[in-house]
Amino acid sequence: MYFGRYVIVYNGELYNTDEVRRDLEAHGYSFETHCDTEVVLKAYDRWGAESPKRLNGIFAYAVYDTREKELFLCRDRIGVKPLYYSQVNGIFAFASRIATLLEIPEIKPVVDENGLNEIFMLGPAKSVGSGIFRDIKELPPACIMTYKNGRSYVSEYWKLSAEENRESVFDALEHTRALVEDSIKRQLVSDVPLATFLSGGLDSSIISKLASDVYRERGEVLHTYSVDYTDNDKYFEKSLFQPNPDSDYISLVSGAIGSKHHNIVLDNGDVADALADAAVARGVPAFADIDSSLLLFCREVKKDFTVCLSGECADEIFGGYPWYHRKEILFEECFPWSRSTQVRRKILRQGFLENGEDYLANAYESTVKKTAYLDGEAPLERRMREMFVLNLNWFMQTLLYRKDVMSMESSLEVRVPFCDFRLVEYAYNMPWSIKALDGREKGILRKAFENDLPREIIWRKKSPYPKTHNPVYFEKVSALALSALDDKDCPLSDFINRSAVEELIGNPSSLTEPYYGQLMRAPQLLAYIWQIYVWIKKYDVEFEI
């Protein structure tokens, strides 16, 4: 889209379009369309580099000044929409996908030791700013970049700040509810069919309940969707991280809110087959079946709907994960979702990435240093701020990139109301005693909506995205991992200890702690090895060690 001397390339969705448009109209601007792209472009014309501060939404965009020959890049505050760039051999290129940049001949698919550390010591997470490949970088969330005459400059336009919160519990409940309701209702505005993802957990149930109320007022019925796997009820395994299956609760929520529910049941073989598609779509090693199942799920939903709302990120900002509450690990100076490198070292060849632990420690320490505190805060409050920043910059980014790639690969737009920056700012400064009200994970959120949903849902223990427990899947990914290591023309076999992989296949329960997060155990680790192989072969990756 053009306006005067400016042209814009835009990916995203603005949730305060009307407010920004009115401000611009008050300054004499007129509009030819109702799209938010025009609003973003004219906001830049009016306020320049300060304009992103006025936007509430998920976006990555570029504005080119044809007169000054200057490029302006911007990414939303939380990093829901990705943005990568490369500056090599006299060219500057940017894209929403790493794979797109690799189509440019000047950008080589080279991965150095830093990239290998990202894959094997941090993966499937990655450092903010990293594109894994040597020549590709990520514009961090809440950042802008200007590029002119071969020089680029990156700066933040938003960051978390520590502010005192003296609200009573009652006030915090009202404030939390108001922010959540406003975010959800803003994101329900759509010109195309819209549905919600419903897992039967607290977060997706709140979104679906409020969405259903809005639809009922219109005389419409909300459609909700959930995902499961063939025979998963037969093979489900209870664990600390996944205490019960979602299927026990989904029908309870759907019945209570009056939605038309669709349960998508995925074939386990199909989930394994889609691992390759997921890795190729990401452009970097992927998130095992947590990615591939979402890809298949989104493809099914897209048959009927174009936009969906999903409950990601409430756990990060409201303290929903077990690592917020397990006192024996809370103060450990490491990433709580990947506490030990022992399992990683076990599957790697001896002597490979000898500086990996230092790389991991530096990544952790540099993130913690970004934390903003109040003077005189108690150790627990300080640590909870650090945990917030760690989750926001790492675990949450992994989930957001997964959501964006797998949904957009299916031509489905997925919105995440709990990523509203106003809610993130507020939650950051909420005292832990209020956030964990009644001693429960996400206690304030539960209490704020306790009269809206069945008690069984409000007080249900946190359960993560469902994974398959079927031995069919394990057998298939085991064979795939071994086949990857059999390819002597692929350097993966130089990195991986085959005997350790065979041992894992023979005794999957030997992996007592998740490889990453709550979900990556033996089947997912084997799938991850396969996805690394697919990625190397697809992009003809070269390694500099």
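**Briefing on the predicted model**

Phe352 and Phe495 are both buried. The protein has 23 helices and 16 strands. Its radius of gyration is 23 Å, close to the 24 Å given by the globule rule for 545 residues, so the protein is as compact as a globular protein of that length.

**Overall dimensions**

- Taken along the principal axes, the box filled by the C-alpha atoms of the protein is roughly 70 × 60 × 55 Å.
- Of the 545 residues of the protein, 61% count as buried.

**Aromatic pairs**

- The whole structure contains 31 aromatic pairs.
- One of these is formed by Tyr321 and Phe395, and it is edge-to-face, with 5.0 Å from centre to centre and 75° between the planes.
- Tyr321 belongs to the loop between helix 11 (314-318) and helix 12 (327-330), while Phe395 belongs to helix 15 (residues 379-408), so this pair ties together parts that are 74 residues apart in sequence.
- Tyr321 and Phe395 are both buried.
- The ring centres of Phe352 and Phe495 are 4.7 Å apart and their planes stand at 10°, so this pair is stacked.
- Phe352 is found in the loop between helix 13 (342-347) and helix 14 (356-368), and Phe495 in helix 21 (residues 492-495); the pair therefore ties together parts that are 143 residues apart in sequence.
- A cluster linked by ring pairs consists of Phe287, Tyr321, Trp323, Phe335, Trp337, Tyr364, Trp394, Phe395 and Tyr516.

**Arginines over rings**

- Arg21 lies over the face of Phe31, at 5.5 Å from the ring centre.
- Over the face of Tyr215 lies Arg218, at 4.8 Å from the ring centre.

- Five strands form an open sheet with parallel pairing, in the order 13-12-11-14-15.
- Strand 13 (260-266) and strand 15 (413-415) are at the edges and have a single partner strand each, so one side of each is left without a neighbour in the sheet.
- From one strand to the next, the twist averages 30°.
- Within this order, strand 11 (residues 194-197) pairs with strand 12 (residues 223-229) in the parallel sense over two bridges.
- Opposite Phe197 stands Tyr225, a residue of strand 12.

**The hairpin of strands 9 and 10**

- Strand 9 (residues 143-148) pairs with strand 10 in the antiparallel sense, over six bridges.
- The two strands form a hairpin with two residues between them, and Asn149 in the turn has a positive phi of about 55°.
- Lys148 has Arg151, in strand 10, as its bridge partner.
- Strand 10 (residues 151-156) has six residues, and the number buried is zero, so this strand lies largely in the open.

**Helix 23**

- Helix 23 (residues 522-539) has 18 residues, which at 1.5 Å a residue should span 26 Å; its end C-alpha atoms are 26 Å apart, which agrees.

Definitions and conventions
Residues numbered from 1 in each chain as written. Predicted model: local features only at pLDDT ≥ 70, side-chain atom pairs only at ≥ 80, totals over all residues. Heavy atoms only, no water. Pairing = 2+ DSSP bridges. Helix = DSSP H or I, 4+ residues; strand = E, 2+ residues; numbered from the N terminus. Axes fitted to C-alpha atoms, helices over the stretch in contact; angles between N-to-C directions. Expected span 1.5 Å × (residues − 1). Phe/Tyr/Trp six-rings, centres within 6.5 Å; stacked < 30°, edge-to-face > 60°. Buried < 20%, exposed > 50% of the residue type's maximum accessible area, 1.4 Å probe, protein only. Lys NZ or Arg CZ within 6 Å of the ring centre and 35° of its normal. Rg over C-alpha atoms; globule rule 2.2 N^0.38 Å.
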